[in-house]
Amino acid sequence: MLKRLPFRLFISLPLLLMSLQVSAAKLAIVIDDFGYRAKEDNQILALSPAVTIAILPSSPHGREVAEKAYQQGRDILIHMPMKPLSKQPLEKDTLAPSMSSAEIDRIIKNAISRVPHAKGMNNHMGSEMTSNLPGMRNVMQSLSQSNLFFLDSVTIGNTQAGNAAKEFGVPTLRRNIFIDNHQSEEETRTQLNKAVAYARKHGSAVAIGHPHPSTVRALQKYLPQLPADIELVAVSALVNPQDPAKQPATSLRMLSEEAQKKPEQPKEKQPDSEQPKAPESTESIESKPEDGLIVEELGICEVTIPETKLQGIDLIMSIVENIYQDKTLQPLLKQEAPTKKRMLFKTES
């Protein structure tokens, strides 16, 4: 066991790096209600540019904030006011189910002009509006002409935003966690932990918060300590993710250079719609011959990752276990000569 340790480490380290990329869960954080609180808005803009901001179109500082965020390369959303079921003060130009499609289109186009560089839209309040299918059809009809996606804040359980979006081909996604329903730093940290847990379980999560002082303090402390298996991403990175059920199992291949040069056997021709859209990527770890060392080619070892979502060390151990059980590699692992191995790692999906 000890004699083979360097070789095993040589195999395990690149696998570790690749498995971290494969298993990293994605977390998008959206901060709503931008454009009113200059101090807190600027504190949010001082955080990672992966944090998305949603600007109220009638806010006094909305355009200024949008320009600053755009210079940072940050995702910007239009935080569109929509009518709630509860009685409370409403923003100017709040969308309501009673409005005609022409009026809704006019308000949305005006909001787009007031929030430059926006990539998408999400709803501010809106429990009455988003639960009304005809009203949301009017919203999606307008958005379909503007190349914007829609993030459903899910302020009511029977939201119709997703159904309406499908009818008009508008890309959409949903909020998973609110991080500051209760304005306390401790509560926000608790909700951020829930968002991380949700992302680990489902592969991604969308969390929504607001520029409250307690939320700002929690994010300032939490984001620099985000777990290594969680990737903070702009919300647009999660729009319309591919259905995992339609993706083939991912396999990892280690190819010798000689084997890589050999043409593969011709495959049965597929319809054009099924042809791969992007070339396979190959990462290699090169080694140079040194005095007294023999450089060998490993040949081919194929490892298929199970369909169940393994994370972290479980994924690493599953890959390594398959490698050491491979009959092609077993004779090489038993060799005692000081040998330097050269491998090419190839990921197929």
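This is a predicted model: local features need pLDDT of at least 70, side-chain atom pairs count only at pLDDT 80 or more; totals for chains, interfaces and linings use all residues.
Before you start: residues are numbered from 1 along each chain as its sequence is written. Local features need pLDDT of at least 70 and side-chain atom pairs count only at pLDDT 80 or more, while totals for chains, interfaces and linings use all residues, and side-chain values use heavy atoms, with hydrogens and water left out.

**Exercise 1.** Work out how helices α4 and α6 cross.

*Solution.* Start with the helices, which are DSSP runs of H or I with at least four residues, numbered from the N terminus. The axes of α4 (residues 101-114) and α6 (residues 133-143) come within 9 Å and cross at roughly 50°. Axes here are lines fitted to C-alpha atoms over the stretch in contact, with angles from 0 to 180 degrees between N-to-C directions. So α4 is oblique to α6; that label covers what is left after under 35 degrees (roughly parallel), over 145 (roughly antiparallel) and 65 to 115 (roughly perpendicular).

**Exercise 2.** Find the residues that α4 and α6 bring into contact (heavy atoms within 4.5 Å).

*Solution.* On the α4 side, take Ser101, Ile104, Asp105, Ile108 and Lys109. Their partners in α6 are Gly135, Asn138, Val139, Gln141, Ser142 and Leu143.

**Exercise 3.** Is Val154 buried or exposed?

*Solution.* Next, check the backbone: Val154 has a positive phi of about 55° although it is not a glycine. Finally, with a relative accessible area of 14%, Val154 is buried (under 20%; exposed is over 50%, partly exposed in between, with a 1.4 Å probe and protein chains only).

Definitions and conventions: Helices (H or I, at least four residues) and strands (E, at least two) are DSSP runs, numbered from the N terminus.
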